[in-house]
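Dear colleague,

Please find below the structure that I am handing over to you. My findings follow it.

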Amino acid sequence: MTDMLEGKTALVTGAAGDLGSAMARHLAANGAYVVLWDIKSADEAQSALDQTRLHNGHAAYQQVDVRDRAAVDGAIAALPALDIVCSNAGIVDAQPFLEVTQDNWQNHLDINLTGCFNVCQAAARKMVAAGSAGRIILTSSWVGSIPWPEITPYAVSKAGVNMLVKQMARELAGHRILVNAVAPGIVAAGLAGRQLREEPQYAARVAKVIPLVEPGSPEEIAEAVVYLAGPQTAYMTGSILTLDGGCSLFQFDA
Ligand SMILES: NC(=O)c1ccc[n+]([C@@H]2O[C@H](COP(=O)([O-])OP(=O)(O)OC[C@H]3O[C@@H](n4cnc5c(N)ncnc54)[C@H](O)[C@@H]3O)[C@@H](O)[C@H]2O)c1
(Lines give C-alpha, C1' and ligand atoms only; values in the text may rest on other atoms or scores of the structure.)
Protein backbone atom coordinates (compact mmCIF):
# COMPACT_ATOMS: atom_id res chain seq x y z
CA MET A 1 0.00 0.00 0.00
CA THR A 2 1.19 3.51 -0.85
CA ASP A 3 -0.35 6.97 -0.98
CA MET A 4 1.02 7.48 -4.51
CA LEU A 5 -2.46 8.11 -5.98
CA GLU A 6 -3.83 10.07 -3.00
CA GLY A 7 -6.25 12.76 -4.16
CA LYS A 8 -6.83 11.09 -7.56
CA THR A 9 -10.23 9.91 -8.78
CA ALA A 10 -10.10 6.69 -10.82
CA LEU A 11 -12.86 5.13 -12.92
CA VAL A 12 -12.72 1.39 -13.72
CA THR A 13 -15.16 -0.19 -16.20
CA GLY A 14 -15.93 -3.89 -16.03
CA ALA A 15 -15.08 -3.49 -12.37
CA ALA A 16 -17.32 -6.31 -11.15
CA GLY A 17 -15.21 -8.75 -13.17
CA ASP A 18 -11.98 -10.43 -12.16
CA LEU A 19 -9.42 -8.09 -13.74
CA GLY A 20 -11.45 -4.91 -13.19
CA SER A 21 -12.08 -5.63 -9.51
CA ALA A 22 -8.36 -6.29 -9.01
CA MET A 23 -7.61 -2.94 -10.70
CA ALA A 24 -10.09 -1.20 -8.41
CA ARG A 25 -8.54 -2.78 -5.29
CA HIS A 26 -4.97 -1.97 -6.30
CA LEU A 27 -5.75 1.63 -7.29
CA ALA A 28 -7.55 2.10 -3.94
CA ALA A 29 -4.64 0.47 -2.10
CA ASN A 30 -2.43 3.20 -3.55
CA GLY A 31 -4.72 5.97 -2.34
CA ALA A 32 -7.12 6.62 -5.24
CA TYR A 33 -10.83 7.21 -4.82
CA VAL A 34 -12.27 4.56 -7.15
CA VAL A 35 -15.59 4.63 -9.01
CA LEU A 36 -16.48 1.15 -10.21
CA TRP A 37 -18.67 0.70 -13.28
CA ASP A 38 -20.17 -2.48 -14.66
CA ILE A 39 -23.26 -3.63 -16.53
CA LYS A 40 -24.05 -5.89 -13.54
CA SER A 41 -26.52 -4.95 -10.84
CA ALA A 42 -25.35 -3.31 -7.62
CA ASP A 43 -26.00 -6.60 -5.82
CA GLU A 44 -23.78 -8.52 -8.23
CA ALA A 45 -21.06 -5.88 -7.88
CA GLN A 46 -21.28 -5.66 -4.08
CA SER A 47 -18.34 -7.93 -3.39
CA ALA A 48 -16.03 -5.96 -5.74
CA LEU A 49 -17.13 -2.72 -4.08
CA ASP A 50 -16.65 -4.16 -0.57
CA GLN A 51 -13.15 -5.39 -1.44
CA THR A 52 -12.22 -1.97 -2.83
CA ARG A 53 -13.59 -0.24 0.26
CA LEU A 54 -11.31 -2.36 2.44
CA HIS A 55 -8.52 -0.23 0.96
CA ASN A 56 -10.22 3.13 0.57
CA GLY A 57 -13.56 3.38 2.37
CA HIS A 58 -15.33 5.80 0.07
CA ALA A 59 -15.28 3.88 -3.24
CA ALA A 60 -18.56 3.97 -5.22
CA TYR A 61 -20.43 1.71 -7.66
CA GLN A 62 -22.53 2.76 -10.68
CA GLN A 63 -24.33 0.40 -13.08
CA VAL A 64 -23.35 1.67 -16.53
CA ASP A 65 -23.41 -0.12 -19.88
CA VAL A 66 -20.41 1.17 -21.83
CA ARG A 67 -22.39 0.80 -25.11
CA ASP A 68 -24.88 3.42 -23.95
CA ARG A 69 -23.27 6.71 -24.90
CA ALA A 70 -25.86 8.89 -23.21
CA ALA A 71 -25.44 6.96 -19.94
CA VAL A 72 -21.64 7.15 -20.19
CA ASP A 73 -21.70 10.91 -20.87
CA GLY A 74 -24.14 11.53 -18.02
CA ALA A 75 -22.24 9.46 -15.47
CA ILE A 76 -18.88 11.00 -16.37
CA ALA A 77 -20.31 14.53 -16.27
CA ALA A 78 -21.63 13.80 -12.77
CA LEU A 79 -18.21 12.78 -11.40
CA PRO A 80 -16.69 15.60 -9.35
CA ALA A 81 -13.23 14.91 -10.84
CA LEU A 82 -11.54 12.37 -13.08
CA ASP A 83 -7.80 11.67 -13.16
CA ILE A 84 -7.44 7.99 -14.12
CA VAL A 85 -9.64 5.89 -16.41
CA CYS A 86 -9.33 2.13 -16.83
CA SER A 87 -11.41 1.17 -19.86
CA ASN A 88 -11.51 -2.52 -19.13
CA ALA A 89 -15.02 -3.91 -19.74
CA GLY A 90 -14.99 -6.73 -22.27
CA ILE A 91 -16.45 -10.01 -23.47
CA VAL A 92 -15.29 -13.06 -25.36
CA ASP A 93 -17.52 -15.63 -27.00
CA ALA A 94 -15.49 -18.12 -29.02
CA GLN A 95 -16.74 -19.33 -32.39
CA PRO A 96 -14.77 -20.82 -35.30
CA PHE A 97 -14.42 -18.25 -38.09
CA LEU A 98 -16.75 -20.09 -40.47
CA GLU A 99 -19.49 -20.07 -37.82
CA VAL A 100 -19.15 -16.51 -36.49
CA THR A 101 -22.60 -14.91 -36.46
CA GLN A 102 -23.32 -11.28 -37.24
CA ASP A 103 -24.49 -10.82 -33.62
CA ASN A 104 -21.31 -12.31 -32.18
CA TRP A 105 -19.17 -10.05 -34.39
CA GLN A 106 -21.20 -6.95 -33.54
CA ASN A 107 -21.30 -7.63 -29.77
CA HIS A 108 -17.50 -7.79 -29.58
CA LEU A 109 -17.08 -4.57 -31.52
CA ASP A 110 -19.84 -2.79 -29.57
CA ILE A 111 -18.56 -3.70 -26.09
CA ASN A 112 -14.81 -4.17 -26.50
CA LEU A 113 -14.10 -1.37 -28.98
CA THR A 114 -16.98 1.12 -29.20
CA GLY A 115 -17.37 0.85 -25.41
CA CYS A 116 -13.73 1.98 -25.04
CA PHE A 117 -14.28 4.80 -27.54
CA ASN A 118 -17.36 5.99 -25.62
CA VAL A 119 -15.69 5.94 -22.20
CA CYS A 120 -12.33 7.28 -23.30
CA GLN A 121 -13.69 10.13 -25.42
CA ALA A 122 -16.12 11.24 -22.70
CA ALA A 123 -13.34 11.01 -20.10
CA ALA A 124 -10.82 12.86 -22.28
CA ARG A 125 -13.30 15.66 -22.91
CA LYS A 126 -13.79 16.04 -19.16
CA MET A 127 -10.03 15.99 -18.51
CA VAL A 128 -9.39 18.61 -21.21
CA ALA A 129 -12.17 20.85 -19.87
CA ALA A 130 -10.69 20.57 -16.36
CA GLY A 131 -7.09 21.06 -17.56
CA SER A 132 -6.24 17.75 -15.88
CA ALA A 133 -3.11 15.80 -16.89
CA GLY A 134 -5.05 12.54 -16.83
CA ARG A 135 -4.13 8.94 -17.44
CA ILE A 136 -6.21 6.72 -19.70
CA ILE A 137 -5.46 2.99 -19.53
CA LEU A 138 -7.20 0.47 -21.76
CA THR A 139 -7.27 -3.30 -21.39
CA SER A 140 -6.09 -4.84 -24.63
CA SER A 141 -4.87 -8.42 -25.02
CA TRP A 142 -1.89 -10.24 -26.45
CA VAL A 143 -4.29 -11.47 -29.18
CA GLY A 144 -4.67 -7.87 -30.37
CA SER A 145 -1.53 -8.55 -32.39
CA ILE A 146 -1.26 -12.37 -32.50
CA PRO A 147 -3.99 -14.52 -34.07
CA TRP A 148 -5.50 -17.24 -31.86
CA PRO A 149 -8.05 -19.82 -33.01
CA GLU A 150 -11.81 -19.24 -32.82
CA ILE A 151 -11.86 -15.67 -31.50
CA THR A 152 -11.73 -13.55 -34.66
CA PRO A 153 -14.20 -10.86 -33.46
CA TYR A 154 -12.46 -10.60 -30.08
CA ALA A 155 -8.95 -10.37 -31.57
CA VAL A 156 -10.09 -7.78 -34.12
CA SER A 157 -11.73 -5.71 -31.35
CA LYS A 158 -8.46 -5.75 -29.37
CA ALA A 159 -6.43 -4.81 -32.48
CA GLY A 160 -8.80 -1.85 -32.72
CA VAL A 161 -8.14 -1.04 -29.05
CA ASN A 162 -4.40 -0.96 -29.77
CA MET A 163 -4.86 1.60 -32.54
CA LEU A 164 -7.36 3.58 -30.46
CA VAL A 165 -4.62 3.87 -27.80
CA LYS A 166 -2.11 5.19 -30.31
CA GLN A 167 -4.53 7.63 -31.95
CA MET A 168 -5.65 9.03 -28.61
CA ALA A 169 -2.08 9.20 -27.31
CA ARG A 170 -1.05 11.20 -30.40
CA GLU A 171 -3.95 13.64 -30.23
CA LEU A 172 -4.15 14.06 -26.46
CA ALA A 173 -0.42 14.51 -25.78
CA GLY A 174 -0.79 18.27 -26.23
CA HIS A 175 -3.27 18.22 -23.34
CA ARG A 176 -0.80 16.26 -21.16
CA ILE A 177 -3.17 13.29 -21.13
CA LEU A 178 -1.29 9.99 -21.36
CA VAL A 179 -2.91 6.97 -23.01
CA ASN A 180 -1.53 3.44 -22.68
CA ALA A 181 -2.81 -0.12 -22.49
CA VAL A 182 -2.12 -3.30 -20.60
CA ALA A 183 -2.18 -6.39 -22.79
CA PRO A 184 -2.68 -9.46 -20.60
CA GLY A 185 -1.89 -12.92 -21.86
CA ILE A 186 -3.86 -15.86 -20.53
CA VAL A 187 -5.04 -15.09 -17.01
CA ALA A 188 -6.46 -17.89 -14.85
CA ALA A 189 -9.54 -15.78 -14.10
CA GLY A 190 -12.24 -13.81 -15.85
CA LEU A 191 -12.80 -14.54 -19.54
CA ALA A 192 -9.90 -16.94 -20.00
CA GLY A 193 -10.64 -18.56 -16.63
CA ARG A 194 -14.12 -19.44 -17.91
CA GLN A 195 -12.72 -20.77 -21.20
CA LEU A 196 -10.17 -22.87 -19.29
CA ARG A 197 -12.99 -24.43 -17.26
CA GLU A 198 -15.57 -24.82 -20.03
CA GLU A 199 -13.68 -25.40 -23.30
CA PRO A 200 -11.43 -28.49 -23.23
CA GLN A 201 -9.80 -27.66 -26.58
CA TYR A 202 -8.89 -24.20 -25.25
CA ALA A 203 -7.25 -25.67 -22.13
CA ALA A 204 -5.31 -28.13 -24.30
CA ARG A 205 -3.97 -25.27 -26.48
CA VAL A 206 -3.10 -23.12 -23.47
CA ALA A 207 -1.05 -25.92 -21.95
CA LYS A 208 1.36 -25.62 -24.89
CA VAL A 209 1.75 -21.88 -25.48
CA ILE A 210 2.95 -20.11 -22.32
CA PRO A 211 6.77 -19.98 -22.20
CA LEU A 212 6.57 -19.06 -18.50
CA VAL A 213 4.26 -22.10 -18.16
CA GLU A 214 1.65 -20.78 -15.70
CA PRO A 215 -1.25 -18.46 -16.60
CA GLY A 216 -1.05 -14.93 -15.20
CA SER A 217 -3.03 -13.48 -12.29
CA PRO A 218 -5.39 -10.49 -12.03
CA GLU A 219 -3.04 -9.00 -9.41
CA GLU A 220 -0.14 -8.87 -11.88
CA ILE A 221 -2.31 -7.01 -14.40
CA ALA A 222 -3.63 -4.66 -11.72
CA GLU A 223 -0.09 -3.78 -10.58
CA ALA A 224 0.78 -2.89 -14.20
CA VAL A 225 -2.26 -0.61 -14.25
CA VAL A 226 -1.07 1.12 -11.07
CA TYR A 227 2.33 1.58 -12.75
CA LEU A 228 0.64 3.18 -15.80
CA ALA A 229 -1.34 5.47 -13.47
CA GLY A 230 1.65 6.54 -11.40
CA PRO A 231 4.58 8.95 -11.57
CA GLN A 232 7.10 6.40 -12.94
CA THR A 233 5.35 6.47 -16.34
CA ALA A 234 5.05 10.26 -16.75
CA TYR A 235 6.99 10.05 -20.05
CA MET A 236 5.10 7.06 -21.46
CA THR A 237 2.23 7.38 -23.90
CA GLY A 238 0.93 5.26 -26.77
CA SER A 239 2.43 2.05 -25.35
CA ILE A 240 0.90 -1.39 -25.12
CA LEU A 241 2.38 -2.98 -21.99
CA THR A 242 2.27 -6.73 -22.58
CA LEU A 243 2.14 -9.15 -19.64
CA ASP A 244 1.69 -12.50 -21.31
CA GLY A 245 4.30 -14.86 -19.88
CA GLY A 246 5.94 -14.80 -23.31
CA CYS A 247 2.86 -16.04 -25.24
CA SER A 248 3.47 -13.61 -28.05
CA LEU A 249 7.02 -14.90 -28.58
CA PHE A 250 6.22 -17.36 -31.31
CA GLN A 251 6.85 -20.94 -30.35
CA PHE A 252 7.46 -23.71 -32.80
CA ASP A 253 7.74 -27.33 -31.85
CA ALA A 254 11.49 -27.88 -32.09
N1 LIG B 1 -8.94 -13.06 -18.44
C2 LIG B 1 -8.01 -13.00 -19.37
O3 LIG B 1 -7.22 -13.94 -19.56
C4 LIG B 1 -7.83 -11.77 -20.24
C5 LIG B 1 -6.77 -11.75 -21.13
C6 LIG B 1 -6.58 -10.65 -21.93
C7 LIG B 1 -7.44 -9.57 -21.83
N8 LIG B 1 -8.48 -9.62 -20.97
C9 LIG B 1 -9.37 -8.46 -20.92
O10 LIG B 1 -9.56 -8.07 -19.58
C11 LIG B 1 -10.79 -7.35 -19.49
C12 LIG B 1 -11.57 -7.83 -18.28
O13 LIG B 1 -11.95 -9.18 -18.50
P14 LIG B 1 -11.97 -10.30 -17.33
O15 LIG B 1 -11.09 -11.39 -17.80
O16 LIG B 1 -11.78 -9.68 -16.00
O17 LIG B 1 -13.46 -10.86 -17.52
P18 LIG B 1 -14.75 -10.71 -16.56
O19 LIG B 1 -15.87 -11.34 -17.30
O20 LIG B 1 -14.42 -11.24 -15.21
O21 LIG B 1 -14.93 -9.14 -16.46
C22 LIG B 1 -15.49 -8.38 -17.52
C23 LIG B 1 -16.53 -7.45 -16.92
O24 LIG B 1 -17.01 -6.58 -17.95
C25 LIG B 1 -18.40 -6.38 -17.70
N26 LIG B 1 -19.10 -5.96 -18.90
C27 LIG B 1 -19.44 -6.72 -19.98
N28 LIG B 1 -20.14 -5.99 -20.86
C29 LIG B 1 -20.25 -4.74 -20.33
C30 LIG B 1 -20.87 -3.54 -20.76
N31 LIG B 1 -21.52 -3.49 -21.93
N32 LIG B 1 -20.78 -2.44 -19.98
C33 LIG B 1 -20.13 -2.50 -18.79
N34 LIG B 1 -19.53 -3.62 -18.32
C35 LIG B 1 -19.60 -4.72 -19.09
C36 LIG B 1 -18.89 -7.76 -17.23
O37 LIG B 1 -20.13 -7.67 -16.55
C38 LIG B 1 -17.74 -8.21 -16.35
O39 LIG B 1 -17.96 -7.88 -15.00
C40 LIG B 1 -11.50 -7.53 -20.83
O41 LIG B 1 -11.34 -6.37 -21.62
C42 LIG B 1 -10.77 -8.69 -21.44
O43 LIG B 1 -10.81 -8.67 -22.84
C44 LIG B 1 -8.71 -10.69 -20.15
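This is a predicted model: local features need pLDDT of at least 70, side-chain atom pairs count only at pLDDT 80 or more; totals for chains, interfaces and linings use all residues.

Helix α3 (residues 69-78) packs with α4 at an angle of about 30°, their axes being 10 Å apart. The two helices, α3 and α4, are therefore roughly parallel to each other. In passing α4, α3 makes a right-handed crossing. On the α3 side the meeting residues are Arg69, Val72, Asp73 and Ile76, and on the α4 side they are Asn118, Val119, Ala122, Ala123 and Lys126. Sorted by class, this contact of α3 with α4 comprises five nonpolar, one polar and three charged residues.

Helix α4 also packs with helix α5 (residues 152-172): their axes come within 9 Å and cross at roughly 15°. As this angle is likewise under 35 degrees, α4 and α5 are therefore roughly parallel to each other. The crossing in which α4 passes α5 is right-handed. From α4, the residues Asn104, Trp105, His108, Leu109, Asn112, Leu113, Cys116, Phe117, Cys120 and Ala124 take part; they meet Pro153, Tyr154, Ser157, Lys158, Gly160, Val161, Leu164, Met168 and Leu172 of α5. The residues in this contact of α4 with α5 divide into 13 nonpolar, five polar and one charged.

A further pair is formed by α1 and helix α8 (residues 218-229), whose axes come within 8 Å and cross at roughly 50°. Helices α1 and α8 are therefore oblique to each other. Their crossing is right-handed. Helix α1 contributes Asp18, Leu19, Ala22, Met23, Arg25, His26 and Leu27 to the contact, while α8 contributes Pro218, Glu219, Ile221, Ala222, Glu223, Val225, Val226 and Ala229. In this contact of α1 with α8 there are ten nonpolar residues, one polar and four charged.

I turn next to the ligand. Which residues come nearest to the ligand? Of the 28 residues around it, these are Gly14, Gly17, Gly90, Gly190 and Ala192. Helices α1 (18-29), α4 (102-130) and α6 (190-198) each provide at least two residues of the shell around the ligand. By class, that shell holds 13 nonpolar, ten polar and five charged residues.

Finally, I describe the chain as a whole. Its secondary structure amounts to eight helices and seven strands. The C-alpha trace spans about 50 × 40 × 40 Å along its principal axes.

With kind regards

Conventions. Residues are numbered from 1 along each chain as its sequence is written. A residue is near a molecule or strand if its C-beta atom, placed from the backbone, lies within 6 Å of it. Helices (H or I, at least four residues) and strands (E, at least two) are DSSP runs, numbered from the N terminus. Ala, Val, Leu, Ile, Met, Phe, Trp, Tyr, Cys and Pro count as nonpolar, Asp, Glu, Lys and Arg as charged, and the others, Gly among them, as polar. Axes are lines fitted to C-alpha atoms, for helices over the stretch in contact, and angles run from 0 to 180 degrees between N-to-C directions. Angles under 35 degrees count as roughly parallel, over 145 as roughly antiparallel, 65 to 115 as roughly perpendicular and the rest as oblique. A crossing is left-handed if the near helix is turned anticlockwise from the far one by less than a right angle, and right-handed if clockwise. Two residues are in contact if their C-beta atoms, placed from the backbone, lie within 7 Å.
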